[in-house]
Amino acid sequence: MRLSTLLLATGLTTGLAAIALPAFAVLPPAQTFPTSAGTVTITPIYHAAAMIQAGNDRIYIDPAKPADITGLPPGDLILITDIHGDHMDADDIKALSKAGTVVIAPTSVKATITQAQVLDNGGTTTWHNWKITAVPMYNIKHLQPNGVAYHTKGRGDGYVLSYGGKNFYFAGDTEGTPEMAALKDIDVAFIPMNLPFTMTPDEAAAAVKTFHPKIAIPYHYKGQDITVFQKDLAGTGIEVRLLDWYSNALPTPPKQ
């Protein structure tokens, strides 16, 4: 009886091993932040994309290829900052949506993501226990060869997400602007630094010094040396966390 049971168990195990299990994205380590309403967990996905969790809420910001979102659960809220393809991806938004998922974005995004609820620069809204404020994101001196800004003022949103007495700022594609400098009481700031679209690490550090968040985290930094940003902020009292935002990419298809 024991031998039969053993053989059956072995056969079942072997059979299960032959079944292809579903793949799942392997995300970088999550960051946790205590608030008066409970812990906020923020997990990098890729480039400018992140997953934010608190209580029973799951929020995605800027899910877009080549981020690997395989197996990620759908979100309750999706925030989009801009129309560029590394921030707005209709297929990824659909894949991470379910019945009742809310999408919030600036007017420019609604032309493509038609289900989006509009929140433009300077606007605020509430969703569950979150307050969401749209902050202008734009270029001042980093311009295209034709003289037009890569990101024009009014087109895209950075967001301040407030929860349990803590304020989390996702700057989006921007340089250091007067609106950024005017921010108050930011606990965690996610700051872009890649050229030619946003800032150098030195410029990003100078921008962060104007509003002095408690914690600054580089994101959207492909190709830049983010240790420069960290060195520039040494001695300021601002904690800098360097995270890997580029390990979770879809494989590049072979050239035909």
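A residue counts as buried here when its relative accessible area is under 20%, and by that cut-off 48% of the 256 residues of the chain are buried. The model is predicted, and its chain is made up of 6 helices and 14 strands. The accessible surface of the chain comes to about 12,200 Å², and carbon and sulfur atoms account for 59% of that surface. Among contacts between residues at least 6 apart in sequence, 56% join residues that are at least 24 apart.

**Strand 6 and its partners**

- Strand 6, which covers residues 102–105, sends Val102 and Ile104 one way and Val103 and Ala105 the other way, and all of these residues are buried.
- Strand 5 (residues 77–79) runs parallel to strand 6 and is joined to strand 6 by 3 bridges, with Leu79 standing opposite Ile104.
- Strand 7 (residues 117–118) also runs parallel to strand 6, to which 2 bridges join it, and here Gln117 is the residue that stands opposite Ile104.
- Together with helix 2 (residues 90–95), strand 5 and strand 6 make a β-α-β unit that is right-handed.

- As a general point, the strands of a sheet pair through backbone hydrogen bonds, either parallel or antiparallel.

**Aromatic pairs**

- The structure holds 11 aromatic pairs, and one of them is the edge-to-face pair of Phe33 and Phe168, whose rings lie 5.6 Å apart centre to centre with 65 degrees between the planes.
- Because Phe33 lies in strand 1 (residues 31–33) and Phe168 in strand 11 (residues 166–170), this pair ties together parts of the chain that are 135 residues apart in sequence, and both Phe33 and Phe168 are buried.
- The rings of Phe190 and Trp245 have their centres 6.1 Å apart and their planes at 80 degrees, so this pair is edge-to-face.
- Phe190 belongs to strand 12 (residues 188–192) and Trp245 to the segment after strand 14 (239–240), so the pair ties together parts that are 55 residues apart in sequence.
- Phe190 counts as buried at 1% relative accessibility, and Trp245 is buried with a relative accessible area of 0%.
- Phe190 and Trp245 also belong to one aromatic cluster that includes Phe170 and Tyr219.

- In soluble globular proteins, nonpolar side chains tend to be buried together.
- The largest nonpolar core has 53 residues, of which Tyr169 and Ile191 touch the most other members, and helix 5 (residues 201–211) supplies the largest share of this core, with 5 residues.
- Leaving aside neighbours within four places in sequence, Tyr169 is in contact with a set of residues that includes Val135, Tyr159, Val160, Met180, Leu183, Phe190, Ile191 and Phe211.
- A second, separate core has 18 residues, among them Ala49, Ile69, Ile80 and Ile113.

Key. Residues are numbered from 1 along each chain as its sequence is written. This is a predicted model: local features need pLDDT of at least 70, side-chain atom pairs count only at pLDDT 80 or more; totals for chains, interfaces and linings use all residues. Side-chain values use heavy atoms; hydrogens and water are left out. Buried means under 20% relative accessible area, exposed over 50%, partly exposed in between (1.4 Å probe, protein chains only). Helices (H or I, at least four residues) and strands (E, at least two) are DSSP runs, numbered from the N terminus. Two strands pair if DSSP finds at least two bridges between them. A crossover is right-handed if, with the strands pointing away from the viewer, the path from the first strand over the helix to the second runs clockwise. Contact means heavy atoms within 4.5 Å. Accessible areas come from the Shrake-Rupley method with a 1.4 Å probe; for residues, only the protein chains shown count as cover. Rings of Phe, Tyr and Trp (its six-membered ring) pair if their centres lie within 6.5 Å; planes under 30 degrees apart count as stacked, over 60 as edge-to-face and the rest as tilted. A nonpolar core is a set of buried Ala, Val, Leu, Ile, Met, Phe, Trp, Tyr and Cys residues joined through side-chain atoms within 4.5 Å.
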